[in-house]
Amino acid sequence: MDVQQFFATLTDVPWLLTTLDLIGIFFFATSGALLAARKQFDLVGSLALSLLAGLGGGFTRDILLDRGLPASLENPVYLAPPVLVSLLVYVKVIHPNRLNLTITLFDAAGLALFTVSGVLLAHSMGVHPVSTVVIAMVTALGGGVLRDIVANEVPSIFDPRGVYVLPTFLGAVLATVVAMNGALNAFTGFLIAFLIFAVRMIAYRYQWRFFGAEISQDKESLARLRRLATQAQEAA
C-alpha cells in the first residue's frame with residue numbers, strides 16, 4: 001500500500017465515523033456509569049445513565065441531519081459499550097479512587113471524539129460550515145446534558161468552573177476548517193480530539209471560568225439589613 005492509498009483509507013468516512021463513535025460512546029457511557037455509582041444507583045440506573053450519556057449526542061445528531069433511523073438503533077453494536085461499561089462499574093472492575101476526576105476524564109474524552117465525529121458526518125453530507133459547527137457541538141454536548149439532568153446534577157455546560165463549551169466550540173471550528181480543506185482524516189481527527197481533551201482537562205485542573213452574574217452589596221447595606229432583621233426578631 002502506497003502513501004496515497006494509506007491516506008485514502010484514513011479518510012474513509014464510514015470506517016472513521018464508526019471508530020470515533022464507538023470510542024466516544026465508550027468514554028461517555030463510562031462517565032454515565034461512574035456518575036450512577038456516585039449517586040448509588042442500582043444496575044438499572046447505571047445502564048440508563050450509560051445509555052443516555054453514550055448515545056444521546058449521536059441520537060440527536062442523526063435526527064437533526066435527517067439520516068433516518070439513528071445509527072445507535074440501526075446497528076446494535078452501538079449498544080455494546082454502555083451495557084459492558086455498566087456491568088464493569090457495577091461489579092467494581094472499574095472502581096476509581098478519585099471519582100470526580102475520573103468522571104471528568106472520561107467525559108472530556110467523549111466530548112472530544114464526538115465533536116470530531118459530528119464535524120465529519122455533517123461535512124460529508126454537505127452541511128453549511130456554520131451548521132456543521134452547531135451539529136458538532138450538539139453531538140458532543142447532548143449526551144452529557146441528558147445524563148446530568150436525569151441524575152439531578154447541574155449540567156456541565158452551565159457550570160462556570162472549568163471551561164466546558166469553549167473547547168468544544170474551538171475544536172468544532174478547527175475540525176470544520178480542516179474538513180473544508182480536505183484534510184480531515186484519522187490522524188488529523190484524533191489530533192484535534194486530543195487538543196479538545198487537553199484544553200478541557202487544563203481548564204478543569206486550573207478551574208478556568210467565565211465571569212458569572214453576581215449580586216454584591218456594600219457593607220452599609222448589609223449592616224442595614226442586619227439591623228432590620230434584629231428589629232423584626234425583637235418585635236416578634
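Helices here (H or I, at least four residues) and strands (E, at least two) are DSSP runs, numbered from the N terminus. On that basis the chain has 10 helices and 0 strands, and reading along the sequence gives α-α-α-α-α-α-α-α-α-α.

This is a predicted model, where local features need pLDDT of at least 70, side-chain atom pairs count only at pLDDT 80 or more, and totals for chains, interfaces and linings use all residues. Residues are numbered from 1 along each chain as its sequence is written, and side-chain values use heavy atoms, with hydrogens and water left out.

**The chain overall**

Of the 236 residues, 41% are buried (under 20% relative accessible area; exposed is over 50%, partly exposed in between, with a 1.4 Å probe and protein chains only). Take the contacts (heavy atoms within 4.5 Å) between residues at least 6 apart in sequence: 78% of them join residues at least 24 apart. The chain exposes about 13,100 Å², with carbon and sulfur atoms supplying 66% of that (Shrake-Rupley method, 1.4 Å probe; for residues, only the protein chains shown count as cover).

**Helix H8**

H8 covers residues 165-180, and its 16 residues reach 23 Å from first C-alpha to last, close to the expected 22 Å (1.5 Å times one less than the number of residues). Its buried residues are Pro167, Thr168, Gly171, Ala172, Ala175, Thr176, Val178 and Ala179. They sit on the same side of H8, because they cover an arc of only 160° around the axis (taken from the directions from the helix axis to the C-beta atoms). What do the buried residues of H8 pack against? Helices H6 (99-124), H7 (129-150) and H9 (186-205). Just after H8, Gly182 takes a positive phi of about 70°.

**A nonpolar patch and H5**

Leu43, Leu47, Val83, Leu87, Tyr90, Val91 and Val93 make a nonpolar surface patch, with about 590 Å² of accessible area together. Patch residues have over 30% relative accessible area and no salt bridge; nonpolar side chains (Val, Leu, Ile, Met, Phe, Trp, Tyr) are joined within 5 Å, like charges within 9 Å. H3 (43-64) and H5 (80-90) each supply at least two patch residues, and H5 has the largest share, with 3.

Val83 lies in H5 and counts as partly exposed because its relative accessibility is 38%. Ser86 is also found in H5, but is buried at 1%. Leaving out residues up to four places away in sequence, Ser86 touches Ala33, Leu43, Ser46, Leu47 and Ser50.

**Salt bridges**

Side chains of opposite charge can pair when their charged atoms come close. With a salt bridge taken as a side-chain nitrogen of Lys or Arg within 4 Å of a carboxyl oxygen of Asp or Glu, the count comes to 7. Here are some of them:

| Pair | N to O distance |
|---|---|
| Glu153 and Lys39 | 2.8 Å |
| Asp62 and Arg61 | 3.0 Å |
| Arg147 and Asp148 | 3.0 Å |

Glu153 and Lys39 meet in a salt bridge that links distant parts of the chain, 114 residues apart: Glu153 is in the loop between H7 and H8, Lys39 in the loop between H2 (13-38) and H3. Glu153 is partly exposed at 27%, and Lys39 is partly exposed at 29%.

Arg147 and Asp148 are both buried. Asp62 is buried at 1%, and Arg61 is buried at 1%. Shared partners join Asp21, Arg61, Asp62 and Arg67 into one salt-bridge network.
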